[in-house]
Amino acid sequence: MATVTKSVDIAIAPELAWAAVRDWGAVHQRLCPGVLTDTTVEGEARIVTFANGLVAKELIVAVDDAARRLVWAVVGSQLLSHHNAGMQVLAQGQGSRITWTADLLPHDAAERVAGLMDLGCAAMKRTLEG
């Protein structure tokens, strides 16, 4: 199984960053506009649409307010046989560090997923600091 981890430092308080991460039905507006173009909530799942046309159904696995951690799993993907990810907001100096980890199969999808995560981290920084 491949693991991809990305982190981004954000110049806002952890509580504010967590509020945006936790708002899982508005990820396309509050975290990654431009990378994601839409989010639809269906029960405990969200359907996210990427700017490149890719659509993913993500089941929310855990929301831990005390640890400021959100975990989800992509299901029904034609590209990935397994995808589990988590995002955590930590205090970092005067601001926050968002750490995003994804475990996935097949291994050769890691580079593509890492590229999308890089775009997502850049969008989060732009959006949350903007």
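Predicted model: local features only at pLDDT ≥ 70, side-chain atom pairs only at ≥ 80, totals over all residues.
Beyond its neighbours within four places in sequence, isoleucine 98 is in contact with Lys6, Ser7, Val8, Ile10, Ala17, Val21, Met87, Gln88, Val89, Met124 and Leu128.

Next, show the largest nonpolar core, which has 40 residues. Ile98 is one of the members that touch the most other members, along with Leu31, Leu104 and Met124. At least two residues of this core come from each of strand 1 (2-10), helix 1 (14-22), strand 3 (45-50), strand 4 (55-64), strand 5 (69-75), strand 6 (82-92), strand 7 (95-105) and helix 3 (110-129). The most, nine residues, come from helix 3.

Now select helix 1. Its buried residues include Pro14, Ala17, Trp18, Ala20 and Val21. These lie on the same side of helix 1, because they cover an arc of only 160° around the axis. Turn to the face away from that buried side to find Glu15 and Leu16, which are exposed. The elements covering the buried residues of helix 1 include helix 2 (27-30), strand 4, strand 5, strand 6, strand 7 and helix 3.

Last, select tryptophan 72 in strand 5 and tryptophan 100 in strand 7, which are 28 residues apart in the chain. A search of the whole structure finds one aromatic pair. How are the rings of tryptophan 72 and tryptophan 100 placed? Their centres are 6.4 Å apart and their planes are at 55°, so the pair is tilted. Tryptophan 72 counts as buried at 4% relative accessibility, and tryptophan 100 counts as buried at 12%.

Conventions. Residues numbered from 1 in each chain as written. Heavy atoms only, no water. Core = buried A, V, L, I, M, F, W, Y, C linked by side-chain atoms within 4.5 Å. Buried < 20%, exposed > 50% of the residue type's maximum accessible area, 1.4 Å probe, protein only. Helix = DSSP H or I, 4+ residues; strand = E, 2+ residues; numbered from the N terminus. Contact = heavy atoms within 4.5 Å. Arc of directions from axis to C-beta. Phe/Tyr/Trp six-rings, centres within 6.5 Å; stacked < 30°, edge-to-face > 60°.
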